[in-house]
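Student: I'd like to go through this fold with you, sheets and helix packing together. Can we take it piece by piece?

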Amino acid sequence: MSQEAIITKREDPATAAAVHYVGVDLGGTTITAGAVNVVSGQVLGRQQIPTLGKEGPDAVMARMVDLVHAIIADAGLRQEDVGGIGVGLPGVLDMERGITVFLPNLPGGWRNVPLKATMEAGTGLPTYLLNDVRSFTLGEKTFGAGRDVDTLVCVAIGTGIGGGMVISGKLHMGLDGTAGEVGHQVIDPYGPPCGCGSRGCLETFASGPAITSMALKAISHGRMTKIAEMVSYDLNQVTPEIVCRAAQAGDPVAKDIYERAGFYLGVGIANLITIISPQMVVIGGGVAQAGDLLLEPVRRTIRERVHVTPLEKVQIVPAELGTNAGLIGAAVWASLQAAPEKADSD
Ligand SMILES: [Zn+2]
């Protein structure tokens, strides 16, 4: 779309498709939101507030409504300039009815919460829901690392391992939007039990908690490592970030832990490459901030395991949008839902 077309549209709001959508990324600890220009990717009026999930869905939704109003004002927009709201959510949704089915990281699980209707009543703006990692994927595809390719896989490594796929330019949703659960592919059929009900899922080997638990195990087995000293022997303070810092300082146990996590991640991503044959794999999430410490064993394992897909055509890259990816993707999702004809004509 040319700059001229945007200006023309904004001067004639009666017939124009809106350029700004509010994206909200609801997490277990924080809510991050902003007004997104879905043509340029620019984020205006970004805010991050605590979720305070213990107060229950009604209080959290009231806070989200207030947040949307505040962001629209901060961004210098009027209500009628905004095309709608996209909300990225950490869990299972009924997208047709606009309700949450189960958000495991929020107290009470948010079973059957009418989020769409509540946001629409509170803001007067059409609201659309999307899983948070699918939002991350759509954000990275549209304005981040994946903007120049049309088939990609995203892997987000944090408390869990989530993901998403864009196939031939389109976010692949699968049944009820459940496609892309890359962390629940089985890597070891006899591995540890996973929160999803299966065993040996990738998430049990390479997520943040998996890295922390490898560190605690090494310490309790009396292996020589600086990790315990780095947290003044308060083992509750061990995090993937601490293990990462120990590894970067040359600690062999910590290096070994990232090597193992990277190996399992590499096996999982090799499976995805073999099946989907993407142009790009985008790796993001908090744990991925370890950078090459994690990506080097991932890339090495992929080279060892992928023999059918032409690997020289597959880029393995870090995510680019940081903590804005989710809110940007949610806003883009809302724009695609609110004005699908625009998506078709582009
Ligand atoms: Zn699982």
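Student: In which sense do strand E1 (residues 20–26) and strand E4 (residues 82–89) run?

Tutor: Keep in mind that this is a predicted model. E1 and E4 are joined by five bridges, and His20 stands opposite Val82 in E4. The direction of the two strands is parallel.

Student: What is the strand order of the open sheet with E1 and E4 in it?

Tutor: The sheet has five strands and its pairing is mixed. Strand E3 (43–50) and strand E7 (127–131) each pair on one side only, which puts them at the edges. Neighbouring strands are turned by 15 degrees against each other on average, direction ignored. Reading across, the order is E3-E2-E1-E4-E7.

Student: Which strands does helix H2 (residues 57–74) touch on that sheet?

Tutor: H2 packs on the sheet, and its direction makes about 35 degrees with that of E2 (30–37). The strands it touches are E1, E2, E3 and E4.

Student: And helix H4 (residues 132–143), at what angle does it run to E7?

Tutor: H4 lies across E1, E4 and E7. Its angle to E7 is about 95 degrees.

Student: How are H4 and helix H11 (residues 325–338) oriented to each other?

Tutor: They pack with axes 6 Å apart, at an angle of about 85 degrees. Angles of 65 to 115 degrees count as roughly perpendicular. So H4 and H11 are roughly perpendicular.

Student: How many nonpolar, polar and charged residues make the contact of H4 with H11?

Tutor: On the H4 side, the contact includes Phe136, Leu138 and Phe143. H11 brings residues including Ile328, Val332 and Trp333. By class, the contact has eight nonpolar, six polar and two charged residues.

Student: Now helix H9 (residues 252–276): why does its end-to-end distance agree with what a helix should span?

Tutor: H9 has 25 residues, and at 1.5 Å a residue it should span 36 Å. The residue that follows H9 is Ser277, with a positive phi near 55 degrees. The distance agrees because the end C-alpha atoms of H9 are 35 Å apart.

Student: Is the crossing of H9 and helix H10 (residues 292–305) left-handed or right-handed?

Tutor: Their axes are 7 Å apart and the angle is about 45 degrees, so the two helices are oblique to each other. Among the contact residues are Phe263 and Ile269 of H9 and Leu294 and Ile302 of H10. The contact divides into 13 nonpolar, three polar and four charged residues. The crossing is right-handed.

Student: Which hand is the crossing of helix H8 (residues 240–248) and H9?

Tutor: H8 packs on H9 at about 115 degrees, with the axes 7 Å apart. The contact takes in Val243, Cys244, Ala246 and Ala247 of H8 and Ala254, Lys255, Ile257 and Tyr258 of H9. This crossing is left-handed.

Methods
Residues numbered from 1 in each chain as written. Predicted model: local features only at pLDDT ≥ 70, side-chain atom pairs only at ≥ 80, totals over all residues. Helix = DSSP H or I, 4+ residues; strand = E, 2+ residues; numbered from the N terminus. Expected span 1.5 Å × (residues − 1). Axes fitted to C-alpha atoms, helices over the stretch in contact; angles between N-to-C directions. Parallel < 35°, antiparallel > 145°, perpendicular 65-115°, else oblique. Left-handed = near helix turned anticlockwise from the far one by under 90°. Contact = placed C-beta atoms within 7 Å. Nonpolar A, V, L, I, M, F, W, Y, C, P; charged D, E, K, R; others polar. Pairing = 2+ DSSP bridges.
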